[in-house]
Amino acid sequence: MTRSWTNRLVSKQLLLIIPAFCFFVGVHTLSQAQSAYKMPPKAIADIIDAPVVPQAILSPRRDAMLLIETKPNPSLSVIAEPVLKLAGVRINPELNSSQRIAEVSGFTIQPVGEPSAKQAGAKTAIRIQVPAGSKLGSPSWSYNGSSIAFTRDAKDGVELWVADAATGAAKQVGTVRVSDILGAPYSWMADGKHVLAFTIPPGRAKAPEVPRVPAGPVIEESLGKMAQVMTFQDLLKNSGDESLFEYYATTQLAMVNVQTGAVTALGAPGIYAEADLSPNEEFLLVSRLQKPFSYRVRYDDFAKTHEVWDVKSSPAKLVKTIASLPIADQTPRMGVPMGVRGLTWQALHPAKLLWVEALDGGDPMKKVDFRDKIMTLSAPFIGEAQEVVKVKHRFAGYGWTATKDQILLTEYDRDRRWRTTYLMDMAKPQAAPKVLFDLSVNDSYNDPGQPMYERRTSGERVLLQDGDWIYLTGVGASEKGERPFLDKMNLQTKEKKRLYQCGETSFETVLGFNGAQNATSRNAIITRYESKTEYPNFVAVDISSNKRRQITSFQDPAPQLTALKKELVKYKRADGVPLSGTLYLPADYKAGTRLPLMIVAYPLEYNDAATAGQVRTSPNRFTVRSRSYSQVYLALQGYAVLDGATMPIVGSPETMNDTFIEQITAASKAAIDYLDSLGVIDRKRVGVSGHSYGAFMTANLLAHTDLFAAGVAGSGAYNRTLTPFGFQGERRNFWEAKDVYMKLSPFTFANKIKKPLLMTHGEADNNPGTFPIQSQRLYQAISGTGGAAKLVMLPYESHGYSARESVMHVMAEMVEWMDKYVKNAPKTSD
């Protein structure tokens with residue numbers, strides 16, 4: 001039911017430096033050219049073109065699944081469609097929608113019940129009937145499970161469609177056009193006949209024309225207030241951007257009858273970031289963005305009002321303004337904004353609001369007894385809000401139980417990276433809450449899992465509960481790898497019973513129970529089953545007998561990938577920290593053969609060695625094709641690949657990066673030493689690779705060690721002075737830890753990067769911190785100091801790469817680079 005939520009001065013000195021620097025770069029850059037897209041070896045290209053496993057959404061009745069067919073790597077022409085980059089969102093102006101970087105091509109309704117005597121195998125799947133070539137999106141079951149709504153991109157905007165879940169017959173809902181720019185374009189209402197939609201205002205004028213010649217300069221001014229914001233991209237830059245954002249983000253809230261197409265407008269058009277009907281559907285909670293806009297933060301931190309409307313009156317009218325909030329551009333680093341946040345309706349109440357307010361100024365560094373308080377106000381929304389309870393650490397979320405006023409309240413202790421979940425009675429907040437879960441956020445071995453929820457026909461989402469018993473699903477991390485499970489837990493006694501756990505030779509996750517069962521018959525579940533050699537499929541399992549019935553029969557589209565040898569390997573860092581990774585070897589590998597190696601990693605941060613060393617993968621997962629490029633494909637070209645090699649950064653959250661270089665070096669050496677001891681790899685022919693923070697790691701390893709023959713880095717950040725208010729988990733700003741920022745910047749040590757480095761980067765990268773200039777400047781620095789590097793800038797791509805042409809090209813470049821500098825490098829015996 002919810003839709004979530006500087007002056008530009010150039011010094012004379014810099015102007016004098018620029019021409020000399022350009023000449024310097026021109027002398028030392030060996031080659032630069034626009035190249036045609038390449039293709040990797042056929043075995044890899046076939047994998048990239050293979051279909052992916054459909055996503056599945058279980059119906060509220062739990063009697064069917066909606067299978068969503070996606071095309072993760074569409075043509076570059078799709079990614080290259082015109083886009084406006086405004087206030088942190090990317091807008092397709094022709095569709096008045098968010099940018100499309102993947103394609104949904106179709107939906108299938110797959111029944112999950114027992115087939116009839118006349119049917120062989122699974123029940124017949126029902127194809128949702130849409131015009132050929134449709135580009136679809138935003139599918140959602142009605143709360144009673146009788147219908148499925150979704151969107152379809154048309155030439156003049158985004159259409160709203162609805163399908164009959166029994167027959168698959170689908171139709172367009174009237175002539176309404178909806179917007180998904182700031183969130184989901186619609187949400188179902190309880191009757192299954194209406195949706196609350198964010199529609200394009202009827203009769204809207206043409207988009208404003210932005211003059212090529214500006215009316216004046218863009219000016220920002222700091223008046224002594226601290227504004228340590230992240231280095232966001234795609235922000236508003238001028239008054240023209242403001243006009244375009246206002247035009248495309250403005251919607252008309254409306255109730256739409258999906259059967260007749262009738263539209264009932266609610267209120268006036270506005271820039272609505274959220275809209276959420278109360279459980280009794282008599283009131284509407286809206287979040288409306290207000291001017292002036294900001295050039296420093298994204299739209300979700302713009303000034304806004306939180307309002308409650310009465311939607312039973314005609315027309316809808318404002319009942320209460322809960323809060324009017326200013327631009328949140330002075331939020332403390334890693335903190336929360338002041339004022340009302342996290343507004344939501346409390347489940348199982350007709351119209352009762354809850355929200356959170358900070359008691360520490362939003363500053364995690366302040367020492368206080370309580371960081372947050374929870375406030376409430378109920379219909380008819382007269383008078384002042386009341387405080388319900390104070391929260392010791394930072395509020396981290398609610399979970400609504402099936403018992404009125406009993407909630408799961410979670411808080412987060414930033415200092416310890418610790419998560420605690422309580423069972424609390426909101427009607428008796430003075431009573432001591434019961435601690436249900438209390439553990440490090442990094443403790444995967446003791447993670448209790450996530451509660452299972454059900455969506456009631458009223459639309460309320462509450463815990464799936466039988467008396468005091470709730471159900472939990474988790475990945476089941478262990479020393480032998482992940483083994484997903486299903487538990488039931490008593491909220492009062494905290495007793496746990498394990499109902500199901502996947503076998504030791506497979507990987508099987510629980511989607512939910514099969515059918516509308518009660519407490520005495522919850523013995524049938526729906527799972528997604530896979531193993532090393534068995535392609536993922538959905539299965540019906542009887543818990544009591546372990547009888548299994550396959551629901552789908554998807555076939556392996558890339559047997560060459562399945563044939564790779566695969567195993568979980570475990571080893572230790574010199575300081576005793578346990579490490580692990582998944583080792584891939586060619587299908588025809590013969591023991592004793594020493595192969596060139598690619599290590600693929602992404603550093604993660606931990607407080608202690610015990611949690612840092614936990615195994616968070618499974619050797620029994622099927623090797624499916626990636627939705628982008630994958631270094632694992634190198635195993636098809638005669639390489640050993642250590643994928644997901646753990647690179648833990650262990651220490652106090654305040655100072656762990658002081659030893660970042662030493663820790664990734666030790667982890668890399670441990671991996672190489674171990675695989676060398678097995679006789680699997682040639683330690684002189686080792687490459688290293690990573691994406692984003694993994695790319696940052698890769699460049700640092702080439703700058704500070706001689707362990708590697710070459711590196712491949714995707715979309716990284718290499719100059720930490722360009723992210724001065726923190727990066728990843730770093731809590732200090734540049735001026736508080738200058739030495740650390742400089743030491744961890746590969747750009748600072750570009751003159752020491754003498755092993756060849758291949759860098760790829762999307763020209764339209766919008767991830768905070770990884771501006772394209774990060775790769776461009778490191779390339780210039782390496783080439784300007786005599787190093788070997790190659791930079792591939794991918795047109796239209798963002799932080800991850802989507803277009804088929806881009807993914808193919810990146811794999812082709814990677815294979816060529818590794819073959820040239822790693823596979824064909826001198827062997828240890830040479």
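Helices, taken as H or I runs of at least four residues, and strands, taken as E runs of at least two, are DSSP runs numbered from the N terminus.

Before that, a word on the source. This is a predicted model, in which local features need pLDDT of at least 70 and side-chain atom pairs count only at pLDDT 80 or more, whereas totals for chains, interfaces and linings use all residues. Residues are numbered from 1 along each chain as its sequence is written, and side-chain values use heavy atoms, with hydrogens and water left out.

I begin with backbone geometry. Most residues other than glycine have a negative phi, and most peptide bonds are trans. D405 is not a glycine, yet its phi is positive, at about 75°. Is D405 buried or exposed? I use buried for under 20% relative accessible area, exposed for over 50%, and partly exposed for what lies in between, with a 1.4 Å probe and protein chains only. D405 counts as buried, because its relative accessibility is 13%.

A second residue of this kind is A87, whose phi is near 55°, again a positive value in a residue other than glycine. A87 sits in the loop between β3 (84-86) and β4 (89-92), and its relative accessible area is 0%, so A87 is buried.

The model also contains cis peptide bonds. One joins K291 and P292, with omega about 0°; P292 belongs to the loop between β17 (283-289) and β18 (304-310). Another joins S314 and P315, also with omega about 0°, and P315 is in the loop between β18 and β19 (317-325).

Rolling a probe the size of a water molecule over the atoms shows where empty space is left. Here, a cavity is a set of points, on a 1 Å grid over the protein atoms alone, where a 1.4 Å probe fits but cannot get out, and its lining residues have an atom within 4 Å of a point. The largest cavity holds about 30 Å³ of space, a volume being the space filled by probe spheres set on grid points that are joined across faces, edges and corners. Its lining consists of Q346, A347, L348, W400, T401, T403, K404, D405, Q406 and I407.

N514 lies between β35 (507-513) and β36 (524-530). N514 is buried because its relative accessible area is 13%. Its side chain reaches the backbone oxygen of V112 at 3.3 Å. Contact, meaning heavy atoms within 4.5 Å, is made by N514 with R62, V112, A524, I525, I526, A540 and R549, leaving aside neighbours within four places in sequence.

R522 is in the loop between β35 and β36, and is buried at a relative accessible area of 12%. Which side chain does the side chain of R522 meet in a polar contact? The partner is the side chain of D466, at 2.6 Å. A polar contact is a pair of N or O atoms within 3.5 Å; within protein, one must be able to donate a hydrogen and the other to accept it, and residues adjacent in sequence count only if both atoms are side-chain atoms. R522 and D466 are 56 residues apart along the chain, and their C-alpha atoms are separated by 10.0 Å.

G729 is placed between β46 (710-714) and α9 (738-743), in a loop. At a relative accessible area of 13%, G729 is buried. Apart from neighbours within four places in sequence, G729 is in contact with M334, E605, P653 and M656.

T611 lies in helix α6 (residues 609-612) and counts as buried at 7% relative accessibility. Not counting residues up to four places away in sequence, T611 touches S440, N442, D443, Y606 and R616.

Helix α8 (residues 693-704) has 12 residues and reaches 16 Å from its first C-alpha to its last, close to the 16 Å expected at 1.5 Å a residue; that expected span is 1.5 Å times one less than the number of residues. Why is α8 described as largely enclosed by the rest of the structure? The reason is that 11 of its 12 residues are buried, among them Y693, F696, M697 and L701.

Notes:
1 Å grid on protein atoms, 1.4 Å probe; cavity = no way out; pocket = protein on both sides within 12 Å on 5 of 7 lines; lining within 4 Å.
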